[in-house]
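Dear colleague,

I am passing on the structure we talked about, with its sequence. Please open it before you read my notes below.

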Amino acid sequence: MMHQYNNWLNKFDKVITKRKKLLIYRYRKTITNSNARLITFLNKKYINFSSNDYLGLANHPQVISSYQKEVKISGTSTSSSGHIIGYSIKHKILEKKLANLLDYPNAILFNSGFDANQAIISTIIDKNDCVITDRLIHASIISAVVQSSGTLKRFSHNNMISLDKILKTTNKYTNKLIITEGVFSMDGDQAPLQKIMMHAKTNNSWVMIDDAHGFGVLGKNGKGSTYLKNCKPEILVITFSKAIGVSGAAILCKYKILADYLIQCARQLIYSTSLSIAQINAIDTAITIMQESNYLRRRLRRNIQRFKHGMKKLKLKLIPSNTAIQSIIFNNNIHVLNLVKKARNHGIWLNAIRPPTVPVSSPRIRITLTAMHRKHDIDDLLKLLSSC
Ligand SMILES: Cc1ncc(COP(=O)(O)O)c(C=O)c1O
């Protein structure tokens, strides 16, 4: 026993030493305060270009007051899973509201987007099933498929020839599920959803879309990527941790029996304490505000355009994206880390995304714009980038 424990310590030490050497060791910074525009770190304020709170709803007075009102009534926790006593009338109403909003028969709430992705894959994928994902799919999906007993295949990013090639090798599987993201989390580009739906149809496969970064910002009244592209995948995952500004997630199911099956079998639902009613109230209010706030989406679009236009004028290259996520690729970690350091000296908060989150050859700066940024914030960022 003792011997095995020492092997563990040796392994941890090796991994950490290697990461420090390769400049990919992860430090968590102790943030004292943050919102969609500003962040405070060690008593200094920075312009925040690392938030997923695209519409600024995390600090919206009505969202905060919904949370506060409900926390006084029902406390801070449901104190149990939804299968025991943790499923309230407010959970039920929110599920119904989401299903109506996105035109699905059922929505089921989860504690996070990570949980929702784990739940759907671990619950439905069996030994003879095949999951076919975009190569850049989110880590929560990859880790769920790897832990499942199904087969994982990956197609080149947004490449329909590659998807088609892979689909041709999958006839032997009982069920097939193609998974992609509405808006890719690292680079902000969008998947060709209609083409993927067509390939799925001709190959007898289901489609799952993770729209963590599309819901709230794209499509009519923020209904997301699938609305924008007029698609209805069998499974749609949305999160409340990005444009909705709270936390939690939902799975929308095209077939009621799939929702029933998840309720019966998804361990993430059955064996985990549900979202608190105060969170549910805040999510509900934030979704209403999100739907009514075309002006916030317009402001966000204007900020994206200002940034992209400025980068073009400076002849600086971005990964092509029309969304709030704008990334710049570098060829080594030192260069990225130097830029982050320089930005901090200029009162700007940027984040370096390094391997293993992205390929070794392409560390990047992931810039997120929000509706809360002011023109001069973006101009300050452009000025900084122009000097790199
Ligand atoms: C595409 C995608 N899916 C799922 C998640 C997980 O969502 P959550 O933060 O709600 O767990 C994220 C967040 O990083 C994401 O970017």
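Predicted model: local features only at pLDDT ≥ 70, side-chain atom pairs only at ≥ 80, totals over all residues.

Residues are numbered from 1 along each chain as its sequence is written.

Strand β9 covers residues 235-239, and five of its five residues are buried, so it is largely enclosed by the rest of the structure. Here a residue is buried if 20 or more other C-beta atoms, placed from the backbone, lie within 10 Å of its own, and strands are DSSP runs of E of at least two residues, while helices are runs of H or I of at least four, numbered from the N terminus. Strand β8 (residues 206-210) runs parallel to β9 and is joined to it by three bridges, whereas β10 (residues 249-253) pairs with β9 in the antiparallel sense over five bridges; pairing requires at least two DSSP bridges.

The largest nonpolar core has 103 residues, of which Ala250, Ile251 and Ala286 touch the most other members; such a core is a set of buried Ala, Val, Leu, Ile, Met, Phe, Trp, Tyr and Cys residues joined through C-beta atoms within 7 Å. Helix α11 (residues 277-292) gives the largest share of this core, nine residues.

Around the ligand there are 14 residues, with Ser112, Gly113, Ser185, Ala212 and Ser241 coming nearest; a residue is near if its C-beta atom, placed from the backbone, lies within 6 Å.

Best wishes

Key
Buried ≥ 20, exposed ≤ 12 C-beta atoms within 10 Å, placed from the backbone.
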